[in-house]
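Trainee: Could we go through this structure together? I would like to begin with confidence and then turn to the sheet.

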Amino acid sequence: MDITQPPPPGAETVALLRAVDQLGDSDDAGELIRRGLRLARTLTGARAGVLAIDDEGRPGRVAQVLTDGVGHDDPVVAALLEHPGDPGPEVVLHGPIRVGDSDFGTLLLTGWQDPPGALENAVVQGLAAALGPRIETLRQRRVSELHEQVTRTVWELNRTLVDEVDLDATLPLFTARVRDLTSAEVVALVGARSDGPQRVLAASGEDTAPALAELAPDLAEVLRFGTAMHWSATPTETNLSSDRRVATSLVPLDTRAGDPVVLVVHRWKPSRGVAERQVRDVVSALALHASVVLDREHAEREHDLLTVLQDRDRIARDLHDLVIQRLFAIGLTLQGASRRAIKPEVSERLEGAVAELDQTIRDIRATIFELRHRAGQGSFRADLRQLIDSYAPTLGFAPVVQLTGPIDSVTGEEVQAQVLMVVREALSNVARHAHASSATVEVEATPDRFTVVVRDDGVGLGEGAVESGLGNVRARAAEHEGEVELSSGRPHGTVLRWSVPV
């Protein structure tokens, strides 16, 4: 049929209504788009159908291509994408798809035995026009669902802040929930330090350490300048036929104190029908909530520190103004009594008591000095983190720390000391022999077992490798009826697992 020949009266309207009716309804945007593409090709008799979805982040470029009747490697597809307005001798019908006020994509059909007519053109234009509002409806529905999930996540996080902020509990929960929301491979909170490499506050994902090593230059830039970075896979980096593209976001937290912190959401996937910019807005909003958590924890820490310092200063003042003065007065009284003593043994005992009082006064003065000038001791978690962080300058990168379970309460001081030594030995071996670019330290406490796992992405064990410096590690496990396992990492590297019963 020649496109210049008019169809029978009303035929275009009938064809259009029939096409839209067959389009039907779907709860999935991807399925709806494929159905429209397949229906357009079937109703028009075209050999090839292509739907090119625009890249919202890069105008003029294509983010995804769906085909029907031909493969993605067909020359026709390449010609349509490269020169959609002039593909050569082929006749092409175009149907622009608009979602809301923006261009979403283009429906392209070609490859007829006979030239298409007005009916075929009406079908293509009508289906393209009908797809836009339906995609917009599904998108709004998905966005509403995403916002509901964010609300539930924020509520769950806020419940952990009712009494006091415990970053060891709240931040891992935060990264896990952000990963669930965005379908990301890795989510982490990474902070800068003035004295060395970056510090991982919390992380979620199996390949966290390699991902952070890969992102290290970008992370350093965001930490330094405080400007968010977002990017998604370009068409040359991913399969254009893939249902869902992947993206990465590095968002700095707007904290009021302490070193800069960045929320890393690596290789996240927008929900079907949800625009990338909307997911980026959600990531930015969650980063703001993490800022609130860190600010509150910092304020609580400063308040607690101020309270402790005030108490210590009050105790020191009372010891100086009351206890020492009373002891000094008692000493003077005893000295006077010793001079009046008749028996030598009584005088000797009184002088000995005065000497003991002098020593007591000196001890109390030393205690006063410590109260005014010495910080208190931290928890085992804090000691463990401090130890791991101290290896960052030696390693050249910050190890990822994952602490799980009641680490402070299930073990005694003896086992805690052994754990610190095991971690120290393991990280020393990584620094000396692994040539690694990333490492992860996982410590888990359960009611019946305490486990330490140290992973690196270095050169691995190799054939005939000699265990260097691990004799003490095995001995520490044997002392507590535990076990040690040394194995190769995947795809390379080394995994040390140290475990003891509690």
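Mentor: The chain of this predicted model averages a pLDDT of 79, and 83% of the residues score at least 70; pLDDT is the predictor's confidence in each residue, from 0 to 100. Over residues 234-242 the pLDDT is below 50, and this stretch has 17 contacts in the model beyond near neighbours in sequence (contact means heavy atoms within 4.5 Å).

Trainee: What conventions apply to numbering and confidence?

Mentor: Residues are numbered from 1 along each chain as its sequence is written, and side-chain values use heavy atoms, with hydrogens and water left out. In this predicted model, local features need pLDDT of at least 70 and side-chain atom pairs count only at pLDDT 80 or more, while totals for chains, interfaces and linings use all residues.

Trainee: In what order do the 5 strands of the open sheet run?

Mentor: The order is E10-E11-E12-E14-E13, with mixed pairing. Strands (E, at least two residues) and helices (H or I, at least four) are DSSP runs numbered from the N terminus, and two strands pair if DSSP finds at least two bridges between them.

Trainee: Which strands stand at the edges?

Mentor: E10 and E13 (483-488) do; each has a single partner strand, so one side of each is left without a neighbour in the sheet. Neighbouring strands are turned by 10 degrees against each other on average, direction ignored (axes are lines fitted to C-alpha atoms, for helices over the stretch in contact, and angles run from 0 to 180 degrees between N-to-C directions).

Trainee: What packs on the sheet, touching E11, E12 and E14?

Mentor: That is H12, whose direction makes about 10 degrees with that of E12. Helix H13 (residues 471-479) also packs on the sheet, where it touches E13 and E14.

Trainee: Back to E11: how many of its residues are buried?

Mentor: In E11 (residues 439-445), 5 of the 7 residues are buried, meaning under 20% relative accessible area with a 1.4 Å probe, protein chains only. E10 (residues 400-404) runs parallel to E11, joined by 5 bridges, and Thr404 stands opposite Glu444. With E12 (residues 449-456), E11 pairs in the antiparallel sense over 7 bridges; the two form a hairpin with 3 residues between them.

Trainee: And why does Ser428 count as buried?

Mentor: Ser428 counts as buried because its relative accessibility is 14%. This residue lies in H12 (residues 413-434), and its side chain reaches the backbone oxygen of Arg424 at 2.8 Å.

Methods
Buried means under 20% relative accessible area, exposed over 50%, partly exposed in between (1.4 Å probe, protein chains only). A polar contact is a pair of N or O atoms within 3.5 Å; within protein, one must be able to donate a hydrogen and the other to accept it, and residues adjacent in sequence count only if both atoms are side-chain atoms.
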